[in-house]
Each structure stands twice: as structure tokens, then as C-alpha cells.
Amino acid sequence: MPLLSLFLAASTAAPLPDKVDFNRDVRPILSENCFYCHGPDASHRKAKLRLDLRDAALAKEAFVPGKVEESELSLRLDAEDPEERMPPADSHKKLDDRQKAILRKWIAQGAEYRQHWSYEPPVKPDAPAGSEGVDHLVEAGLKQLGLTPGPEADRRTLARRLHLDLLGLPPTPEEVDAFVQDASPDAYARLVERLLASPHYGERMAVTWLDVVRFADTIGYHSDTPRNVWPYRDWVIRSFNDNKPFDRFTLEQVAGDLLPDGGREALIGSGFNRLLLTTEEGGAQAKDYQQRMLTDRVRAVGAAWLGQTTGCAQCHDHKFDPISMRDFYSLGAFFADVHEPDIGKREEGVLVSTPEQDARLAELAAAVTQARKRLESAYPSLTAAIQSWEKDFTAPETPAKKAKAKRKDPDAKLAAQAAPILKKPADKRTAADKAVLRNYYLSLHPEALKAERNAVVTAQKSHDAFRASIPKTLVTTKAAKTRTVRILPRGNWMDESGEIVKAALPHYLPQPKFEGREPNRLDLAQWLVSRENPLTARVTMNRLWMQFFGTALSKNPGDLGAQGELPPNLPLLDWLAVEFMDGSWDLKRMVRIVVNSRAYRRASTATPAQREADPYNRALARQTPFRLDAEFVRDNALAVSGLLVPKVGGPSVKPYQPERYWENLNFPVREYMHDQGEAQHRRGLYVWWQRTFLHPSLLAFDAPSREESCTERTRSNIPQQALVLLNDPTYVEAARAFGAAASAQAGDDDARLRWAWRRALQREPDATELGTLRKVLTDRRAAYRADPESAKKLLQVGLTPAPKESDPVELAAWTHAARVLLNLHETVTRD
Amino acid sequence: MDPFRLHRRTFVQQAGLSLGAMAFGTLAARAAAAAQKPGLPALPHHAAKARRVIFLTQSGGPSQIELFDHKPGLTKFAGTELPESVRRGQRLTTMTSNQRQLIKPGATQFERCGKSGATIGEWLPRLRKIADDLCFIKSMHTDQINHAPAMTQFLTGNQIPGRPSIGAWASYGLGSENKDLPDYLVLLSRMQRPSDQPLYDHYWGSGFLPSSHQGVKLRSAKDPVLYLRDPEGLPRGLRREMLDGLAELNRGTLERTGDPEVATRIRQYEMAFRMQASVPELTDLSDEPDEVFELYGPDSRRPGSYAANCILARRLIERGVRFVQLFHPDWDHHSRLTSWCTARCRDTDQPSAALVTDLKRRGLLDDTLVVWGGEFGRGVAGQGKWDSPEAGRDHHPRCFTMWMAGGGVKAGHTHGSTDDFSYNVATDPVHVRDLHATVLHLLGVDHERLTYRHQGLDFRLTGVEPAKVVKGLLG
């Protein structure tokens, strides 16, 4: 396929192409205007006509290839009679003259169809290896548009960009200096390697993936209560840091429990299947939630690996893509073996322990066994005492009603068991009878064998306490009985008239034959990352591109179907996809290829001409500046101020949060208690992810609730962001720490201001900038000198104590200067 | 002139103007601030009857049988099994699905009210007095039987969380008439005992629409908007100067990069600053005369109460806010219906009626639409022993009652009816989607044409199922 131009294709004034290309020129028009009524969805099809398949369209004589005048389709476009005209008025769709001309020219040229681009296997275009391949294809696209690639960004910008893109953290001024002064030709490549080896690389990569798999600490529905999953988050970080091949990464998540060489690590990854929304609502119906969970999983797999909006096919055949209801439920049937309750609380999950913890736990379990044995060996000493007790004992009468209520009371239960045994003659009693009697005796005589019994209790307690301290996480286990999956007419779970379906891959995608057996989850996982599947590698590379350029190559990363965008530079996407598969799904290798390209390294500033020629920068003559993602806004402020605790992994943390933010959460009512100590200053990706009430500082910067798979965050610019950066105690505290550090630097005000400026932005301020910031400082200083009480109040925000020896007026004034720096647009922007 | 190169003085003047105008009150400010944030160019699709909406959301499912849908014939079926010919396989929550469905007649006395003769139960004495201003829909129905999915559908058109709510759609389509406040504000009642029903952020979320359209929750707290308050030790004058410094530096970035996002950032800091003045001024009810508190009832002096929120809703409307949504929880009366439901009626009856009256006397009711209702209704069968004071009613999706007022709806009118058991809709069914289509219609919006492209599909509030504007409700 020739390189495409978004602008040529989109502009109504553009000349018609010599050869009309079905995927580029025709399909978007048909999909947008015709498929809704004449597409794959049989239930909504009008006049039994479908235009998405050539044979079907020909059978209904929709057009005559080569003969425009005889083609019904062409006549309908300009029909006088509103009843005849297509698209009809009530569709609110209208074709412009160029679109009509394209359809006619396409018919004249033979009305050839091609499969939707993303369902065809990616073919590697001819291009040099490595980063040169990227540049070759980008520059070919630019040339076609008559654009020239922009210059490389300055070194400071490159260092800052790389740190923010690969780690989600800013560089220190010293790191930037070292890079700027490194004259060796491979300085940039070495910087890339250093960052790829950083443990923070995995954290940054995890943020995107956690959105895609909708990772959260809580169940989502109704009570939105916690569940154990954070070890899965750490597994994701670890996987990226260890550069686990993406195919293995996939297998472990979808089918880690079925892998012959799985082990505990793969099992933790299989927690993916448990990340969905669940409910503990009283009154919820099992079948309702069985259905919700099935559809939730299909949507997630569709978004994460296939780039298909499968959700539509829950209720009807997809209107634009060939995915049918049968495909939808058959895909869901792969997960019918996941062991889980339909409603109610999840299990605690498997222990995620270190070998040392395992050893200690075994030790404690052995101690329990030993104490029990010691107790048991003392039982014979009781024989005489029991016999004499029995003689005088009459069992207390329990009225029937009370007995029922007491059934849960172990002592009452024991009494009820013992009563008939006591009536038996001693020689008729079984060993079990004797044990019951002994236990009953013991329950009534706390002094008997007291030391031995206490030893058991103590041993058990320390065992249990230690076990409770070990993290646990939900994983996938295979259920003994697989759930029955039916096609639900109109998605209605109460309608059980639909056909029962078995697990099957989407019919329209290339796939292996499973002779003589039904495919299972492992087959699904293997197919997802097989060479046959044309989607996964494209979807993954498309998302990766978005991370480094702000916009994906096909701009809707969640939809590579008919309503998604044919990428303006498809050869580039395909080259990356094939390169990814050829390179054994090595993700770091692909990151390296992309960030070492000239395209990535370009300056993000644009001339007005460039802006005009390519307003959305799809051709990539330049880089694109964008605001940092929510978590990195936080990380950046903590890093610049020196408060960041860079520890990797561990339980989720709770930063300061406005009072009563959770007041509408219920079952049970909860009070938010923010963490103390180092947990207060951890990175954003560790913040407790409460689905229905996400931390407001993250929410303001577009972090998704993760109730659904999110493949692309919006990037809004709203007043709440200003309020967060100015007033959230986390940021006030960061400003104070940053201000204190600045004021402690050597030199005069200007020297200190320069130091702070470089911490925040890794560049020198110009004279005007320095002047403005100096004015903030000196004005504040004067104001607080006149009102020192206000200065003291300002310094009390947050947990970190203000340095004792410092002058409150001075510190308050510097806090303000720091606050200005932390609020700058440039500070929260990666350019 | 390059619009982004605003001189510093211009900024200050603009802020000063808006604050001054706010102090003057309403209409002048609205005029001055008009066209600050325009909506979509194609909107309105037709002349709007309503310019603003107050949505009084009653969360939990108020019982239509006690409040509005009078079924005197039920007494003779008291304690008998609901005929299958009526029930027709209706699913129940697991709370009552194992129990016999024995009919519990309505617990209230009814009266025909006003000239229109609307039927209103005795627990709503104040509403009875304004019956001729109201338009009742007796034939509402929905698809969901559990709270969260039903409320999500009721507000976003889809039971799966994550779609934009109706207020976000209105903000997106129509923009704002006030530049000092967000377009869509949400007020939650602060209850006097812990509330039974959780209320989630996604109920007023913007879904895939730009987040500037999400509902902003006005809390009854020191910070009515999250993070609104400056840290201690920061007098407002200092804040202004600091923001000037910040704006100056950001303008330098704008000049250097030409990136329009920088210009937006500068404007958003200004908006945040204005909200710091406009929101406290808005939420401070001390300038309301005593007679207003008397009108809305004694609870209106308790900050965060439904009654106080009704006053706030009026103040927001006066300031040109597009969409105001109140939430009053705890209408979920599975047990002790008489005691709990009367308590909710006491919370809401007088303030709801007062709001309509107050808007009317200020001339605001004509172009303000007031909507009252919950996510579903309640079933005719008793939950628990039907004739015990402990009894309640389970959720019921097949019919429930809502009312609307002002904004182009037919006053003194009752639309639709139910069967003798208040179980099935008998005439003129109105699905939740139809309600959405109708509210948008009143706002001058064609629900089929207000769409947003997301992941390749054109989404709309009313979804893909057929939805209609209910002509019978239009005045």
C-alpha cells in the first residue's frame, strides 16, 4: 500500500487518487455512512443488503463493477426522491461531492474489496534495520507531504524527555550536565541504556499497562471493598524491568495457572483474570454477575491485545466489524473455567512469600504440630479423671429452640455431641466417641492440661500472625466444573433460550485448527501472541508509540477495527509490529529502536507553517509536547522537592486526602486514614486505587477509575488541576521542602533562585524569568516580615517538619518561590 | 492582536470585573460573562424551552405506591398472592425472590390536588399545594433492578459505569453562561445518620467527554470544592500576586512555544482563582433573608441538608449554571416503610416544593427545568410480613413515578398510567431513554444529533435502542 496522507484523504478539495484504494479511500466512507444499516449486524440490516462483503453486495446488485451508470449505489447517492436517496435523511449522514466521486471512481475501476487492513497479516516494508528503519519510513511520509523534518532538540530537552518518558521521573541538573558535557558519539545511546536498566523503568511502563488491564485495589461494584491484588502490580513492574518477552508476559497473565513451566511467578501474573469488577451487594443475582464478569473479560482482552471494541457484540452483531455475538460469547467461554464466586467476597489469594518467609512459616507450623503431639501424649493421664467426672455428671438440658441458636457456639455443639455418648455404656464407645468426651471434659475444666493446651494456642497464634503478615494475591485457578456459556439474546441474562457455545477464537481472524479437542485459555493466550494473529503486535506497538509521541500511529489505540483509523503511516506500524515479533517480542529492544530514532529526538517547537501544514503532527516532522500523566505530575513534584521515596513495590499507599472524601462509600462506612512516614512520599502508581473514589489529585489529572480497560487517557486542562497543584497538602509540603532546600544553598538570592530553577526545569532561567521569580520572593519576604504569624501557619502543612533553625519568614517566602516553580506549565510538561 | 498575549493588566482587570459583577448578583453578571465558554456551534438544534436544569435525584427508589400512584383497589387484595398474569416473570432481587409475593396495599391516604386533580399521598403535604405547577409521569420504566446499575443507567443511559452523565452532555453541548463557576455542579445531602446508599463519582462523570464537563461536587465542608482553600498563612492578596508571577512566567513559555495548551493553563489558573471567590460567596447563605429559610423549612439552616442544597441550587441557577444535580439518598425501603419513607418525605417535601415556588416567584421557572425522581420504583408485594410495621417493598423496575416542573413542560398534567397493581405500565410508557431524549429536547438539543466520537463510534446519551421525545409532556 502506498504511504498515505491524512490531509489528502481528509480534504474535500484534494484531487482524486489515480487508483482508488479500498481501505484508504472507500471503506471509511462505507463504514461511516452505510454499514450501520448495510453491514455485519443482521438484526439491523435494511433491505437485506450488506455492503461490507463484495459477494453479498453483488448478489443484491448494489453495483456493477466497471459500470457506474448501471450501478444502483451510484444512482442512490443523488436520487431526487428522498425515499430513494442514500444515506437517508434520518441517519443525519451526508456525503460530500468528493466522497461520491470516490465511490464512483472505485466502481469504475472494478469495485475491488480488500480485507480490513488490521485483519491482514502485517508485512514488513523494505527499510533498514534498527532506528534507521523508523526514520526511513517517517521521512518517506514527510517527503510525500513536502515537509522537512525539524531539527534535533537541545541536549537538555533530550535528557529531560528521556527521563520522563522512560522513568516517569525528571533528571537531576547534574545528570543533565553530565549528558550535555559528554562529547562521545554514543552519549545519547548510553543514556538510553542507563535508563532502560533503571528499576524505575518498570514503574513507568507499568502505569500504561495497569490502565489497560484495569488494575485497582477495590472490587468496583456497590461496596467497592478492598481485595488482595497489589502483588500483581509488582509482578508487572518486575516483568518490564526483567524485560520478560511480551509473549511470555501474555501467557502468564491469561493462563499462568495452565503453563507447564509456570510456578509461582506465572501464577501471580494470572491475577490478570481476577482484576475485573465484582460485587458483594446483598440482593445481587448470581447469573447477572456471571454475565457481567464474562463480558468484562471479553472487553478487556479485546482492548488490551486485539484492539477490538468487542463490547458491542454483547447484545448484537457488531455494526462495523465482523465480530458476531457468537464470537463474543465464544471468546468469553475461554474464561468459563476461572474458579471464582459469582457474587460475594473473593478469597484471600495465594501467599506471596520469600523463601525465608516460607522457611519461617514451615518452622512455625512444625512448632504447632509438635505442641499438639505433646498435648495428645498427655491425654492418657486424663482417663481416671474423666471416669470419675462422668459418674456425677448430668448433661445440662438445652431447650430445642436455644440449641438451634447455639449451633454456632463450639462449646454448645460439643455438649450436644457428648450427650448421647454419655448415655452409651463405656464399652460401646468408639475411639471418636472417646475423643468427643475428652474434649467436652476439657472444655468444662480449663485447669486440666493447662500448660500443654496453652502451648498449642501460643504456637498457633504465632503461626497465624506470621501468616497474616505475608502478602497475598488473587490468582487464577481452574474450576472443577466449567460454567455453561450461552449466547444471550440482546445481552439479557434472564433469557436462557440462546444457544450454548464452546470456547472459540473470533471467526474472522486467522487461527489454528484444534483437532479433536476444545481449545482452552492457554490456547487463547498462545494464539494472542502467535504469528497468525495480525493484531496483538500492532496493538502493542501502536500503544508504545503513543507513549513516546503523545498520539498513537492509529489514533484510537483501543480500536483498530473499521471505525478506528487507518494509520496515516501504516508501513511504519507494520514494520514495528513485524520487527517486534521477529525480535522475539523483546519490548526493551523496541523501546530502544524508537527512542534512538531521529524522529523521537526532534524539537517539539513548531513554526506557524508546520502547524498549518500538520496541525496534529501526525506526520512527525517535529515532536509533540504533552502534559505529564497524573502519577508523574506527583512523582515530579516529589522528586524535584527531594521528598520522593524511590522504593519500588509493596502495598498500596494512602497519601493525604481531603476529609470526608469517602463519606458516600458504604457497606461498610470507611474512614480514610492517610499513611505516616515514608509511605506518604511514594510514587503515584502506588497510590491506593479506589475505583469509585479515586484519589482526587490523580482524578483531576485524568487518571482513569479503571472500572473499564483504558487504552488512552484524556489530557484535560481544567481549573481543578490548578487547585490540586496549589493546595493539595502533598504539593504544599513539596513546595516547602523545595523552598527550604533552595534557601539553604550557598550564595545570594539570585544564586539560590537559579539553583531552584535548575532543579525544577533543568535549565538556566533567562533574565526576565529570574526577575519575575525574584520579585515573587522579595514581595513575599516583605509581606511575611510584616505578618510573621502567617508565615508560621504556612509552615505547618504536611508531615515533614520544617527545619527548626530556619527563620519562618525566610522559609515562607522561599516556599512561595518554590510553589511558583512547581506550578509552571513547563514543569508539568514533557516537551 | 494575538489573543494569547494578554497584557498583565488586562488579566487583572478581567478578574476584577468578574468579581465585582458577582457581587452585584445575577443577571448583569450573566450578561457580562455570556459566551465565555460557548457550546457546540450547531447547538441549540431548535429553540430551547429550558436553559438550565435542576435534577432532584432521589436515590434508592422512592415508593410510587405510597407517594403518587394511587391504587385504592388494592385493599381488597391485601395479603393475597400477586397473580402471575400481572407479575409475568418479573425478576426480583435475591432479597425477596424466595418469598411469596403477597400484596401490601399503599400505606397512605390520597387526595386529588389542585385544579389538575393530581393524586399525591399524605406524606407530601407541601407538594400537594403546588400540584398545578407539576407534570407527573406515572409510566416511567427501566431495565435494571439493582441500585448501582439502575442509577448509572438513569443518569448516563447505560448500566456500565464510564459513560458521560446527562449533566456532562448538557455542559458539552451547550457550554456555560457563567465564567466563574463550572457548568455542572453536584450537591449531595448530608444525612443525619450514616447513609445506606453509596453514591459514586461516575454518576456525575464525564466519561469519554473532556473532563472539563464532569460534575463538580460542592461539598458541605470547609472546602466546598476540593482543594479550594488556600493553605493556612496565605492571605488572598498574596495569592493574587503569586498567580501574577506564575502567569507572567507561563506567558513567557507561551511566547516561546506557541503551544495553545499554555494559554489554556493560564486561563485555568484564573478560573481557579475566581472560583476561590465565587464558590464561598455562593455557598454562604448568610445574605438570604429569614423568609427564605422559612419557605424551605427549618432543615435549610443545617449546612449540607437537602433543604440547604435546594437554596444553593436556586443560587446556582441565578448565576447561570447549566446543570445542577442534587442527590438525596436512603429511599431504599425494604423494611419499616412507613417510618423510613416518612422520614425521607420530611427531608424533601417542603424544600422541593419551596424550590419550585421560589423559582416561580423570581421568574426563573419558565426557563429552568426541575426534575424529581429515582432510579426505579417499588413493588406492590410486601417484603417481610406484608401487614407488619416492619414490612417494606423490594425494588421494582417496571413502573415508577417522576415529576417535572417549569422549563417547557405541561404544568398540572399527569402523563401515563399503570395497571391496578401499580406493577406494569398500562398507558404511555416512558423509558429512561425517553426521559433523556425529552430533557435534551427541552434544552434545544436533538438527542440523535448530540453525539461524541469515541473509539470509532458515535456515542449519544440515549444509546442505540429507540428513544423518543415524549410530546405529551411538552407544554
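Where pLDDT is low, the predicted coordinates should not be read in detail. The model scores ipTM 0.87 and pTM 0.83. Residues are numbered from 1 along each chain as its sequence is written, and chains are lettered from A and ligands numbered from 1 in the order in which they are written. As the model is predicted, local features need pLDDT of at least 70 and side-chain atom pairs count only at pLDDT 80 or more, whereas totals for chains, interfaces and linings use all residues.

Chain A is divided into domain 1 (6-114), domain 2 (116-152 + 534-621), domain 3 (217-349 + 483-528), domain 4 (355-469) and domain 5 (625-831), with bounds that come from an automatic or database domain assignment. Between the C-alpha centres of domain 4 and domain 5 of chain A the distance is 58 Å.

At the interface, 70 residues of chain A are in contact with 60 residues of chain B. Two or more residues each are given to the chain A side by helices H31 (719-727), H34 (767-786), H35 (788-794) and H36 (808-823) of chain A; helices (H or I, at least four residues) and strands (E, at least two) are DSSP runs numbered from the N terminus. H34(A) provides the largest share of this side, nine residues.

Nine of the nine residues of H31(A) are buried, a residue being buried if 20 or more other C-beta atoms lie within 10 Å of its own, exposed if 12 or fewer, and partly exposed in between, with C-beta atoms placed from the backbone. These residues pack against helix H30 (696-700), helix H32 (729-743) and H36 of chain A, together with helix H9 (260-283) of chain B.

Beyond its neighbours within four places in sequence, B:Val370 is in contact with residues including B:Ile54, B:Leu355 and B:Met404.

In chain B, strand E11 (residues 377-383) is largely enclosed by the rest of the structure, because seven of its seven residues are buried. E11(B) pairs with strand E12 (residues 392-396) of chain B in the antiparallel sense over four bridges; strands pair if DSSP finds at least two bridges between them. In E12(B), B:His395 stands opposite B:Arg378.

Strand E3 (residues 110-113) of chain B and E4(B) also pair in the antiparallel sense, over four bridges, and B:Phe110 has B:Gly121 in E4(B) as its bridge partner. The two strands form a hairpin with four residues between them, and B:Gly114 in the turn has a positive phi of about 65°. Both faces of E4(B) (residues 118-121) are covered, with B:Ala118 and B:Ile120 buried on one side and B:Thr119 and B:Gly121 buried on the other.

Notes: Contact = placed C-beta atoms within 7 Å.
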